[in-house]
Amino acid sequence: GLKIIGITGSYGKTSVKNILGTLLSEKYQVCVTPFSYNTPLGLSKTILENVRGSCDVLVAEMGAKYVGDIKFLTQMINPDIGIITGIGNQHLATFGSQENLINTKAELFEYMKEGGKAYVNIDSVLARDLFKDIKREKVATTIADNSGNCFVKNIKVTTSGSEFDLVLYGKEVQCETSLLGEHNISNILLCASVAFDMGVTIEQIAQGVSKLTPSVHRLAIIPSSNSLTVIDDAYNGSVQGAKAALDVISKFGGQKIVV
């Protein structure tokens, strides 16, 4: 009876995994792959050591550097739900081309469980193009359009977090989070659409959003006893992530130093 969710993408995998795990925990017993355990060995270790009979949901991060990596992981865990967080230009040295990278991410939807559902964050252009070719039940989310079944509106991004109104299939709730950056609202919307489809109420989702904390080394503010604000984004390794980090720091006043 374990519901299995596979998450892949060029960036945002760990953040989306942790956000979704928190939202689903408002209703279910959830097992989430720790750290950046997203390889066959990492997933095997998680399943053998952490998945117990009390678990209702396994949320598995899935990484790839070569063509066929996502196919292997998908056939290994057989997910009921597949999520793509966004597509960029990571690992082109090993993929060989942008086309190979896109096709590898799409392996999740090609080889997941029959009757499984696909969710894609189409705030990246390449993910939007991939979404059109998915041949199964699918949901697209974007913060660029406040219409449809799942969207956000009245976004307010500050140096202490974000506020926004979340709308899911006609139901609406106000949300607040300490996560920095508009890109994290995009991640939250993606996860909220999955959680709502799995029976988590919109009120429970808002409660979960209020509990979110940054993943380690991903736009996490380090406490300081002086006038400095230090933002630890040391794990960031993508063009999209760098742009998001610069957007976040632009919201802060005073002198700014990027290392």
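A residue is called buried when its relative accessible area is under 20%, exposed when that area is over 50%, and partly exposed in between, as computed with a 1.4 Å probe on protein chains only. The structure is a predicted model, in which local features need a pLDDT of at least 70 and side-chain atom pairs count only at pLDDT 80 or more, while totals for chains, interfaces and linings use all residues. Residues are numbered from 1 along each chain as its sequence is written, and side-chain values use heavy atoms, with hydrogens and water left out.

Helices (DSSP runs of H or I, at least four residues) and strands (runs of E, at least two) are numbered from the N terminus. In helix α8 (residues 202–210), the residues I202, I205, A206, G208 and V209 are buried. They lie on the same side of α8, because the directions from the helix axis to their C-beta atoms cover an arc of only 160°. The elements that cover these buried residues, by contact (heavy atoms within 4.5 Å), include α1 (13–24), β8 (161–168), β9 (171–177) and α7.

Helix α7 (residues 182–197) is itself mostly covered, with 13 of its 16 residues buried. Just after α7, G199 takes a positive phi of about 95°.

With a disulfide defined as a pair of cysteine sulfur atoms within 2.5 Å, the count comes to zero. The sulfur of C55 is too far for a bond, because the closest cysteine sulfur, in C31, is 4.8 Å away. C175 is likewise in no disulfide, the nearest cysteine sulfur, that of C191, being 12 Å away. C55 counts as buried at 15% relative accessibility, and C175 counts as buried at 1%.
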